[in-house]
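Open the model in your viewer and keep the selection panel at hand. The stops below say what to select and what is found there.

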Amino acid sequence: MNADLARRVLPRWDLDSAIATVEPMLPGFSGASVFRCSDKFERCYALKRWPGGTSTERVRWVHGVITAARAAGCDLLPRLYVARTGSTVVVDDGCWELAEWISGEPLPRAASMNQVAEGAAAIARFHRATLMTRQSSDPSRCVSPSVVARLKRLHELDRELPRALAGRVPPDVGMKLESELSRAAELLRRQWSARHADLSRQLHRWSNSPVAVQAVLRDVHRDHVLFSPNTAGQLVARAIIDFDAVRADGPGVDLARWVASFRESSLIAADRLHQSVAGYRAQWQLNNDQVALAETLLNVSMWVNLANWVVWLVLGTRTFVNDELAIASRISEISDQVSDSLIGDD
């Protein structure tokens, strides 16, 4: 996505002055395009084109959740600007939004327990605000959509993964990505058959167990919570960004995704989840069912995610605009998680 298209779209919003710079940001894995825009007064904005195929109705629903949560007191969320049409969504070769640019940096992978707990507290503030916007203070109850999706994906992987493991790494990939794909494939060849039944059993436990659901982030990994130092020099959460995946699900889904961003071993992951739950509960209530759901998803997701990457890249069922090194790094992180979990089981 080039800056010329971004400049064509920007006039749809009534800004106080002309935009001086439009800088494309490195793409994530969702397929969205983001530009950092600034005006002559050095005020900054985030211009985003949602992933291709996203409906206007979907974007408007997410914007409604974010706007209502801000109104309910969650100042971690960026302000969305209203276009000349009276909507926060502009349609021009896709769906676009313009938001305030919030400065900050994500936590490192080796963040301290207290920092991870601070991020969980920020997630709790979002959950509290979204629940406050409901007409009823009691959340709905249903089987977690993430559980349903994981069970479906496990069934699909029964067919797809054997073909991928029998196939070859595409010849046009670089050496680093080829090495990481080969490593991931070898881990799956040795372990998938034995692990599959256990993964299914863990998920089936939840398939008949409704949980409280509300609007949650669902893709709140460490890159999506920004931190900066306070006056005492301590890192504190300043913003939550990227709402492509927002849907109704259990709050435990967000805790699992958050903790997985920092996982080095099974033992450390358990400690991080414990600290995250404590940080969350300092801001908002969380029942034990949601903690147990987070534990299950934390265990299941790393195996499914590793299998997904091998299937996507070997069978060519998905394409990515990301740099190969970024993809290789993501696969490497997941392979490390899987390998460490096997050590923890010994």
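Throughout this tour, a contact means heavy atoms within 4.5 Å. The model is a predicted one, in which local features need pLDDT of at least 70 and side-chain atom pairs count only at pLDDT 80 or more, while totals for chains, interfaces and linings use all residues. Residues are numbered from 1 along each chain as its sequence is written, and side-chain values use heavy atoms, with hydrogens and water left out. Helices (H or I, at least four residues) and strands (E, at least two) are DSSP runs, numbered from the N terminus.

**Stop 1: Ser332**

Select Ser332, which lies in helix α9 (residues 324-345). Buried here means under 20% relative accessible area, exposed means over 50%, and partly exposed is in between (1.4 Å probe, protein chains only). Ser332 counts as buried because its relative accessibility is 16%. Which residues does Ser332 contact, leaving aside its neighbours within four places in sequence? Show Glu180 and Arg183 to see these contacts.

**Stop 2: the open sheet**

Next, colour the strands of the open sheet, which has 5 strands in the order β1-β2-β3-β5-β4 with antiparallel pairing. Two strands pair if DSSP finds at least two bridges between them. At the edges are β1 and β4 (90-91), each of which pairs on one side only. Strands of a sheet pair through backbone hydrogen bonds, either parallel or antiparallel.

Start with strand β1 (residues 19-24), which is joined to β2 by 5 bridges and runs antiparallel to β2. Select Val22, and opposite it in β2 is Cys37. From Cys37, look across to β3, where Tyr45 stands opposite. Strand β3 (residues 44-49) pairs with β2 over 6 bridges, again in the antiparallel sense.

Now select strand β2 itself (residues 33-39): 5 of its 7 residues are buried, so β2 is largely enclosed by the rest of the structure.

Select Val90, and its bridge partner in β5 is Trp96.

**Stop 3: two residues with positive phi**

Select Glu42, in the loop between β2 and β3. The hairpin of these two strands has 4 residues between them. Glu42 has a positive phi of about 65° although it is not a glycine. Is Glu42 buried or exposed? Glu42 counts as exposed, because its relative accessibility is 68%.

Then move to Asp242, in the loop between β9 (235-240) and β10 (247-249). Asp242 is not a glycine either, yet has a positive phi of about 70°. With a relative accessible area of 28%, Asp242 is partly exposed.

**Stop 4**

Select helix α6 (residues 251-260), where 8 of the 10 residues are buried, so the helix is largely enclosed by the rest of the structure. Among the buried residues are Pro251, Val253, Ala256 and Trp258.

The axes of α3 and α6 come within 11 Å and cross at roughly 155°; axes are lines fitted to C-alpha atoms, for helices over the stretch in contact, and angles run from 0 to 180 degrees between N-to-C directions. The two helices are therefore roughly antiparallel (an angle over 145 degrees).

To see the contact, show Val116, Gly119, Ala120, Ile123 and His127 in α3, which meet Pro251, Asp254, Leu255 and Trp258 in α6. The residues of this contact divide into 6 nonpolar, 2 polar and 1 charged. Here Ala, Val, Leu, Ile, Met, Phe, Trp, Tyr, Cys and Pro count as nonpolar, Asp, Glu, Lys and Arg as charged, and the others, Gly among them, as polar.

**Stop 5: Ser261**

Go on to Ser261, in the loop between α6 and α7 (266-281). Ser261 counts as buried, with 6% relative accessibility. Not counting residues up to four places away in sequence, Ser261 touches Arg109, His221 and Arg222. The C-alpha atoms of Ser261 and Ala110 are separated by 9.6 Å, although these residues are 151 apart along the chain.

**Stop 6: α4 against α5**

Finish with helix α4 (residues 145-166) and helix α5 (residues 175-207), which pack at an angle of about 160° with their axes 10 Å apart. α4 and α5 are therefore roughly antiparallel to each other. The contact includes Leu151, Leu154 and Leu161 of α4 and Leu188, Trp192 and Leu199 of α5. By class, this contact has 12 nonpolar, 4 polar and 3 charged residues.

Definitions and conventions:
Parallel < 35°, antiparallel > 145°, perpendicular 65-115°, else oblique.
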